[in-house]
Amino acid sequence: MTAVGAVLALAGCSAGGSDGSGESAEPTVTSTPTMLRTADVSFPMDAYEATAEQQVTLARAQGVLTSRCMARLGFTYQAPERPVSSASGSNARVFGLVDPDTAARYGYLNPGTANAPVRAATGSLTEAEQLALSGEDDLDPADVPANLEEAEKSGGSDVTFNGERVPVGGCVRESYLKLYARKANEVDILFVFNLKSDAESKAREDSRVRAVDKRWSSCMAKAGYELTGPVNAVKELGLTESDLSSPRAVTAAKADVACKQRVNLVGVRYAVTTAYQRRLIEENAQTMSLAKEQLESRLLLAAELT
């Protein structure tokens, strides 16, 4: 990404001590950008996950596979269309509300979520169609194939339509396996997501992030708000879903964003989160490489289907 503003050295960038593995408990951060908006930023692990547009393509591809399976069983089925998010960038709110224009106009309401197109409702399914689509209700999870190779060996369930056996777990499960778990060695599709969550959790507890959160709280106190930190600001302000864009919410949101800018909260969080992501990528290099290869293969298949 292009850093916004000057690059400043982070005070206390190197943490002392060890976690017992010979590795510093907190990864070294030599510098942090001065920044506020996050809509266009990228993180190291983004390269290993599908973009928002690619997620839509994958969902459409799975819908095609589901429809083909249903047709094989004698049913006409159109998978519901997945709406394209109107949010500007998947990382737009990775650190919560940060954009001053959004704060002034919407308060804490996320306009990307609020204005997302509504998916058209699909017609009700018959009992037979539902059975073909989702499989039997009382399935033991241990009997559900974990990958396509297992599913092909099992041959399907004992339920038949149009002379064809319904896949175990139904057509939805079959389409999932064909796209996301074709072989036993496929990396779990949630692996990267879980690793990102791990990095975010570690970053939130990092001493440098705790310090900048404290500075943000002090800034907010001067504006008349006693808040423990930015993560739970909406809850501590007592705002409900119905008044996220109320005048009171807008006033608080503007102060919130101004304080984040004043203490460079976004820059610090970005630098620290990036450091944890890079370390986790290095620690899981082989699996991450496989995940990326399989994503690329998945996208090629999706492109052929859509």
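I took a salt bridge to be a side-chain nitrogen of Lys or Arg within 4 Å of a carboxyl oxygen of Asp or Glu, and by this rule I count 13 salt bridges in what is a predicted model.

**Entry 1, charged pairs.** I looked up R298 and found it in a salt bridge with E186, where the closest N and O atoms are 3.4 Å apart. This pair links distant parts of the chain, since R298 sits in helix α12 and E186 in the loop between α6 (170-180) and α7, 112 residues apart. Both R298 and E186 are buried.

I then turned to D213 and R269, whose side chains meet in a salt bridge of 2.9 Å, N to O; here helix α8 holds D213 and helix α11 holds R269, 56 residues apart. D213 counts as buried because its relative accessibility is 12%, which is under the 20% cut-off, and R269 counts as buried at 8%. I also noted that E26, D206 and R208 are joined into one network by salt bridges that share partners.

For a pair within one helix I checked D198 and K202, which both lie in helix α7, four residues apart, with their closest N and O atoms 2.7 Å apart. D198 is partly exposed at 27% relative accessible area, and K202 is partly exposed at 32%.

The largest nonpolar core has 47 residues, of which Y108 and W216 touch the most other members. Its largest share, ten residues, comes from α11. I listed the contacts of W216 beyond four places in sequence, and they include L227, P230, C259 and V263. Apart from this core lies another, of twelve residues, including F75 and F161.

Definitions and conventions. Residues numbered from 1 in each chain as written. Predicted model: local features only at pLDDT ≥ 70, side-chain atom pairs only at ≥ 80, totals over all residues. Heavy atoms only, no water. Core = buried A, V, L, I, M, F, W, Y, C linked by side-chain atoms within 4.5 Å. Buried < 20%, exposed > 50% of the residue type's maximum accessible area, 1.4 Å probe, protein only. Helix = DSSP H or I, 4+ residues; strand = E, 2+ residues; numbered from the N terminus. Contact = heavy atoms within 4.5 Å.
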